[in-house]
Amino acid sequence: MERYELIVVGAGPAGLSAAIEAAKAGMKTVVFDENAKPGGQLFKQIHKFFGSKEHKAKIRGYNIGETLLREAETCGVEVVLNATVAGVYEGRELTVMQGDSIKHFKGDSIVVATGASENMVTFPGWTLPGVIGAGAAQTMMNLHGIKPGSRVLMLGTGNVGLVVSYQLLQAGCEVVALVDASKKIGGYGVHAAKVARTGVPFYLSHTIVAVHGEDCVKGVTIGEVDAAWQVIPGSEKTFDVDTVCLAVGLSPMAQLVKSAGCEMNGIVPAVDAYGATSVPGIYAAGDVSGIEEASSAMIEGRIAGAAAAYQAGYLEKSDFESIVTAHEASLGSLREGMFGPKQRGRVQTVTEEGIVLSQSLLTKGYLDESDLAHFPSIQHGKTGVYPVIECTQNIPCNPCQDACVKGCILIGNDITSLPVINAEATCTGCGMCVASCSGQAIFLVEEKPLESTAYVSFPYEFLPLPEKGDRGIALDRSGAPICDAEITAVRTGKAMDQTHVVTMKVPLDYASTARFFRRR
Amino acid sequence: MNGRIDRSIDLGPYVAAPDDGMIICRCEEVTKGEIRRAVHDGMFTITEIRRYLRTGMGLCQGQTCARLVKQIVAKELDVSPDVLEDAVARAPFRPVPMRVLANEAEGRTR
C-alpha cells in the first residue's frame, strides 16, 4: 500500500487542475488515468476556447492541455498513465490496475475527475459499424489522424455536434446534414454559422428513422417529428452516408463516487461549493459533477485542489479564501449568458441588450438578412475598411476586445455583452479581431463604390489554403453560391494561431452577404 | 426510490412491437423485446433486470446501455425514468482480467 496526500482520478482538465493547485500548496499528489495519454478531452479539442483571458480564451484546447501538463510537471505532480482505478474502499483506499498487477493506494484526500461518457440513442441500425459517437469521431480525427468516414450525418446540434461537424469538414469529410429533434439549435449560434456557411443544411425537429446497411452504414433516413416526438409520415428524407455521428449528450461517469458511498443528486454526486462530496476527503470536479465546458472543469478542479490542500493544513484560511474567491468569480462569469445553467430550459427571445434574437440562426444556423439591422456591430456601407461582428447571442467571450489595438471593439466588464463598435476608433484592417474570434464571427469589409467592388475578409481554417489570385465562388451565410470571387490576400501569423484571414474581391452588391469562398 | 414502484400494478398484456428485435445492450446482446418482456415477467427494477438478462454486465459495464435500459423499463412501467434507481456501482469499474487479480493473490507482482 502506498500513501499519497492527494490522489486524483482522471488526468483531464479538472483532474490536472486539481492536482496542480494541491501540489503547488505542497501536497504529495498523484494523478491516475486509464488512458495512454493525459489531458482527457483537451487534446481532441482543436478549436479555440471561449471566455476571457483568465479562461484561456482564443487558445486551442490542445495547447491548454500542453500548458497544464507542463504546469503539473513543474509543481511535482506525478501523472501515472495506463493506470485504471478499479475500485474504491473504506478509508479512501483505491485499487489501481497497472499492467498485470493491481496496486493499492491510500489517499488522505481523493479528487474524482472521471469525466463523462457519450449518450447513445437507438433506432433500427444503430449498432451498425459506422454509427459512432461524435466524441469517437473527434478521437479518431484529432488523436489518431484517421478520417471517420467520407459522408457523415450528425445527430445533435449542441456545441459538441456543431464543433465536431466543423472538425469533420476540416478533416475533409462531407457533412450532409445536422439533425436535431429539438426545434432550436442547442449550441452557440457562431458555431452553427461557421458550419452553415460551408453549405451544410440543418434539419431541426427531425430525428433518425433508420440507418441502412447490412454490415456497415450505407445510408440514413431522417423524418420530421411532431409535438409528441412522433415521425410525421411522408416527411422522411434519405441520405447516402457511410457514417452517422451521435452527439446527443453526455452522462457523468459516476461509478467511483457512487461506489464510495457519496450521496447522489440524481446522476451527479451532491457537492458543496468546493466540490466536497458527502464522504469526508472525497471531492468531485469537472463533468462527473455536472456536464459543462472544459473551461469550467479547470476552475472546479482548481477549487477542489485548493480545498483539499486547505483541509490538509497546507493553506492558511486567508490564502484558501482568496484563491477560491478569485476562481468563483471566474467560474461565475463563464456561467453567465444565454447558454448558462440559469437559463437552461427557458425560452429566450431577446439578448441582454434587448435585441430580438435571430430565429433564423436558431433554426437554420445562419443570420437572415432581416436580422442584420438589429445588431449595431453588424455594420454596412461605411467608408474605408470596417469590422462586421456577427456575434448576436450573449455568450461569455471577449478576446476580440483585446485583439484590436485601436480600440474599435468594446465589450466592457460583463463578458457576455455583445460587442459594440467604437465610433471614435479607426479600423486599420489588420485582421487580428477576425483571427481572435473563437466563433469565427468577425469579418472585415471594405467597399469601393468607384470600382463597384468590395473586399471581404473572413476567417479560414481549412487546408489547403486558397492563394492570392485564386478564383472561385463566394458563398453567403447559408453556404449558397452567390457570385464570382477572387482571392486578393491570405494572411497568416503566429498570433493568429492558424485562423487565417482570407480576403476576397466580390461585386459591391455582395459586400454584406459574401461570407465564405469555394474554389471552382 | 424502489419503494415507489407499485408491485401490484397491472401492466396489461405484453404487446409485441416492431422494434423488439433491436439490440439495446450490445455487450450482452440483449434486445428491446427481451427487456420489455422481463418487465412483464415481474422485473421492475434495474437491478432485477440486470440479474435476469445481464444487461450492463458486459465489457462496457453499462456505460452505453444503462440509460437506454432505464428508459425502456420506465416506459413499460409507465413511470418517469428518474423513479428507477441505477444499478449498484461496484468494483471493478473496468474489466480486470482474472490473471491480474490472481497475480495479487499470489503476491507475484507486489
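**A residue at a domain boundary**

Modeller: Glu118(A) is partly exposed, with 19 other C-beta atoms within 10 Å; a residue is called buried if 20 or more other C-beta atoms lie within 10 Å of its own, exposed if 12 or fewer, and partly exposed in between, with C-beta atoms placed from the backbone. The model is predicted, so local features need pLDDT of at least 70 and side-chain atom pairs count only at pLDDT 80 or more, whereas totals for chains, interfaces and linings use all residues. Residues are numbered from 1 along each chain as its sequence is written, and chains are lettered from A and ligands numbered from 1 in the order in which they are written.

Glu118(A) belongs to strand 7 (residues 116–118) of chain A; helices (H or I, at least four residues) and strands (E, at least two) are DSSP runs, numbered from the N terminus. Leaving aside residues up to four places away in sequence, Glu118(A) touches Gly133(A), Gly135(A) and Leu250(A), where contact requires C-beta atoms, placed from the backbone, within 7 Å. Asn422(A), 304 residues away along the chain, has its C-alpha atom 43 Å from that of Glu118(A).

The division of chain A comprises domain 1 (2–117 + 251–334), domain 2 (120–248) and domain 3 (367–519), with bounds from an automatic or database domain assignment. Between the C-alpha centres of domain 1 and domain 2 of chain A there are 32 Å. Four residues of domain 1 of chain A meet six residues of domain 2 of chain A. The domain 1 side of this contact has two nonpolar, one polar and one charged residues; Ala, Val, Leu, Ile, Met, Phe, Trp, Tyr, Cys and Pro count as nonpolar, Asp, Glu, Lys and Arg as charged, and the others, Gly among them, as polar.

Elsewhere in chain A, helix 1 (residues 13–25) has 13 of its 13 residues buried, so it is largely enclosed by the rest of the structure. At 1.5 Å a residue, its 13 residues should span 18 Å, and the end C-alpha atoms, 19 Å apart, agree with this; the expected span is 1.5 Å times one less than the number of residues. Gly26(A), with a positive phi near 115°, follows helix 1 of chain A.

Finally, the contact between the chains takes 21 residues from chain A and 22 residues from chain B. On the side of chain B that touches chain A, strand 1 (23–25), helix 3 (66–77) and helix 4 (98–106) of chain B each supply at least two residues. Helix 4 of chain B gives the most, with four residues.

How values were computed: Contact = placed C-beta atoms within 7 Å.
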